[in-house]
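Here is a short report to read alongside the model. Please keep the sequence and the 3D view at hand.

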Amino acid sequence: MSENNGRKPAKRIAEAAKKATQRVNKTVAARQKKTAANTVTSNRLKLLITVVGRNKAEYFLDLIQSFEVNMQIVALAQGTADAKTLSFLGLTDTDKCVIFSVIQESKLSDAMHVLGEKFKTIKDGKGIAFTVPLTSVIGTLIFGFLSNNKTVVKEAK
C-alpha cells in the first residue's frame, strides 16, 4: 500500500503541473492574440531634427508639417562659431532654432529631399537635418496621434 500511496501523489503532481502548463499556454496565446490586434508595425516613426536660422524657423515648421507631422517642438539655440570664423564664412547671424519633429518613416525620404532642396535654394535658408529612430512609443493613442493614424485613435475610443 505504501507503494501506491507514493505513486498517487507523484501522479497527482504531474497532472497538476500539466494542467498549469496548459493554463499558462492558453493565457500566453490570448495575450499574443490581443497584442497582435493592437500592434501597428507598418508606421515606424523617426525623430527629425532640423537646425535652421531663427528668421526661417516658421517657414521650415510649415514645410515639415506638410508631411503629416502632428508634433513639433522648437528650441532656441545659439551658434558656437567665433566672430572671426563667421566673418570668414560670410555669416552674420548665430541665432538658430532646433526643430524636433516626429515623422513617419514612409514620409521621411520625401521630407529630407525637400529640405535639402530648400536649404540650397532659399536665401538665408541654410540648415541641417538628421533623424534618430524611435524604437518604442508607450500607448496606442499616442502612437496613433504621432503617426497620424486616425483609425488607431478611433478604435481606442
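Which residues does Thr50 touch, not counting residues up to four places away in sequence? Thr50 touches Ile64, Cys97, Val98, Ile99, Leu115, Phe119, Ile128 and Ala129, where contact means heavy atoms within 4.5 Å.

## About the model

This is a predicted model, in which local features need pLDDT of at least 70 and side-chain atom pairs count only at pLDDT 80 or more, while totals for chains, interfaces and linings use all residues. Residues are numbered from 1 along each chain as its sequence is written, and side-chain values use heavy atoms, with hydrogens and water left out.

## Overall layout

The chain has six helices and four strands, in the order α-β-α-β-α-β-α-β-α-α from the N terminus. Helices (H or I, at least four residues) and strands (E, at least two) are DSSP runs, numbered from the N terminus.

Among contacts with a separation of 6 or more, 74% join residues 24 or more positions apart. Of the 157 residues, 24% are buried, meaning under 20% relative accessible area; exposed means over 50%, and partly exposed lies in between (1.4 Å probe, protein chains only).

## Thr50 in strand β1

Thr50 sits in strand β1, which spans residues 45-53. Its relative accessible area is 0%, so Thr50 counts as buried.

## Met71 in strand β2

Met71 belongs to strand β2 (residues 71-78), and Met71 counts as partly exposed because its relative accessibility is 32%.
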